[in-house]
Amino acid sequence: MKKIMDCIRECPLLLMIVLSALIFTAVAYVKVLLGDYDLKVTMDHPMLVSVILEEKPSSEKPESMGYEEGSTTEASTDTEASTDTEASTEVSTEATETTTEATTEESTLGGGTSHANVKIERPTIYLDVKKRKSRNDCYNDVKKIALTTDYPYEKKTKDYFKDALFVGDSRVEGLALYSGIDNADFAYMEGLTVQGLMDLKIAKLDDKSVTLPELLQEKAYKKIFVMLGVNELGYNTDYYVDEYIKKINEIQELQPDAIVFMMGCMYVTSEYSKNNDIINNDNIDDKNNGIAKFANGIDLFYFDVNTALSDDHSGLKEEYTWDDIHLQAQYYELWENFLLEHGLNDDMWE
């Protein structure tokens, strides 16, 4: 003991090191009790290191996010400075507004074999990204990006669209004219917004122009695909989301047997986004996030079509567009292919 005390007196630095280690370890175990640290990290390295590295309890990630095989949910760390889409690989789920009881003994969430009458609720999955500060008060800071509703999607042929209706603005018009989808119905208008969606004559019925409600009262559909948003970027996001979901509810009331797909608003190019405080991809992401939280994976889905048309959520590819906003004719096929690769099992309509 005397030798130890003599050593400490001769080397006070050793005493400081020992005391620091004891203090750090004590703090770590206190934080374990409080839930801040995970006790299992001690299996990998000393608790002292856990304190220094500030390790937190781990959270499980969903097995799948509805992406094509071979794709990744990690955003690029080398994107335009304006969009700043550096992201972690951590994803989060946000509960939908409604609660639906599962009707199957075996879940197919995230892949696996489909089963008859499998209808389970699937909340929207998000990709967490580095905070992007808002440049206009019509939208919020962006901290996440809504991803395609998680579901064991199946690849389909064009027959999948024979009982489908596509609704939207000039971008949906382009899909009607150039994609090759010739067996579905379309209801669109250049400059269309959520405000005029149910009132304007945007559809055709027996060669007569009709409103969307008039069409839905006369014809039944299994699939209704909707894309809006680019003409509403000047709207406050909360207002836009409220109006959008009201219209979706009206569509569902008129077509209770249909599944509705909310297609997220398509990006503009990164360069265009960087130079515009309203028509930009941060604003688009904020509004897409707002509507996506209502998807339930049962009768209302959210599709992140931007994964087929952009590089890691950085913006619409410049070679795909003629005006930074709309696709060139030959690239609407990419949009069509995305939808065919994200088909639902036929049992979803039983």
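This is a predicted model: local features need pLDDT of at least 70, side-chain atom pairs count only at pLDDT 80 or more; totals for chains, interfaces and linings use all residues.

Visitor: What makes Lys223 another case, lying over the face of Tyr160?

Guide: Lys223 is at 4.4 Å from the ring centre of Tyr160. The distance limit is within 6 Å, with a further limit on the angle to the ring normal.

Visitor: How many aromatic pairs does the count come to?

Guide: The count is 17 aromatic pairs. One of them is formed by Tyr178 and Tyr332, and this pair is tilted.

Visitor: Why is the pair of Tyr178 and Tyr332 called tilted?

Guide: The centres are 6.0 Å apart and the planes make an angle of 35°. Pairing requires centres within 6.5 Å, stacked means under 30 degrees and edge-to-face over 60, so this pair is tilted.

Visitor: Where in the chain are Tyr178 and Tyr332?

Guide: Tyr178 is in helix α4 (residues 170-178) and Tyr332 in helix α9 (residues 332-341), so the pair links distant parts of the chain, 154 residues apart.

Visitor: Is Tyr332 buried or exposed?

Guide: Tyr332 has a relative accessible area of 3%, and buried means under 20%, so Tyr332 is buried. Tyr178 has 46%, which lies between 20% and 50%, so Tyr178 counts as partly exposed.

Visitor: What makes the pair of Phe303 and Phe338 edge-to-face?

Guide: The angle between the planes of Phe303 and Phe338 is 85°, and the centres are 5.7 Å apart. Edge-to-face needs over 60 degrees, so the label applies. Phe303 lies in strand β10 (residues 300-303) and Phe338 in helix α9, so the pair ties together parts that are 35 residues apart in sequence. Phe303 is buried at a relative accessible area of 0%, and Phe338 is buried at 2%. Both belong to a cluster linked by ring pairs, which also includes Tyr151, Tyr160 and Phe261.

Visitor: Why is Val18 called partly exposed?

Guide: Val18 has a relative accessible area of 40%, between the 20% and 50% limits, so Val18 is partly exposed. Val18 is found in helix α2 (residues 12-34). Together with Leu15, Leu19, Leu22 and Ile23, Val18 forms a nonpolar patch on the surface, with about 450 Å² of accessible area together.

Visitor: How many disulfides are counted?

Guide: The count is zero disulfides. Cys138 is buried, with a relative accessible area of 6%, and Cys265 is buried, with 3%.

Methods:
Residues are numbered from 1 along each chain as its sequence is written. Side-chain values use heavy atoms; hydrogens and water are left out. Patches are made of residues with over 30% relative accessible area and no salt bridge: like charges are joined within 9 Å, nonpolar side chains (Val, Leu, Ile, Met, Phe, Trp, Tyr) within 5 Å. Accessible areas come from the Shrake-Rupley method with a 1.4 Å probe; for residues, only the protein chains shown count as cover. A salt bridge is a side-chain nitrogen of Lys or Arg within 4 Å of a carboxyl oxygen of Asp or Glu. Helices (H or I, at least four residues) and strands (E, at least two) are DSSP runs, numbered from the N terminus. Buried means under 20% relative accessible area, exposed over 50%, partly exposed in between (1.4 Å probe, protein chains only). A charge sits over a ring if NZ of Lys or CZ of Arg is within 6 Å of the ring centre and within 35 degrees of the ring normal. A disulfide is a pair of cysteine sulfur atoms within 2.5 Å.
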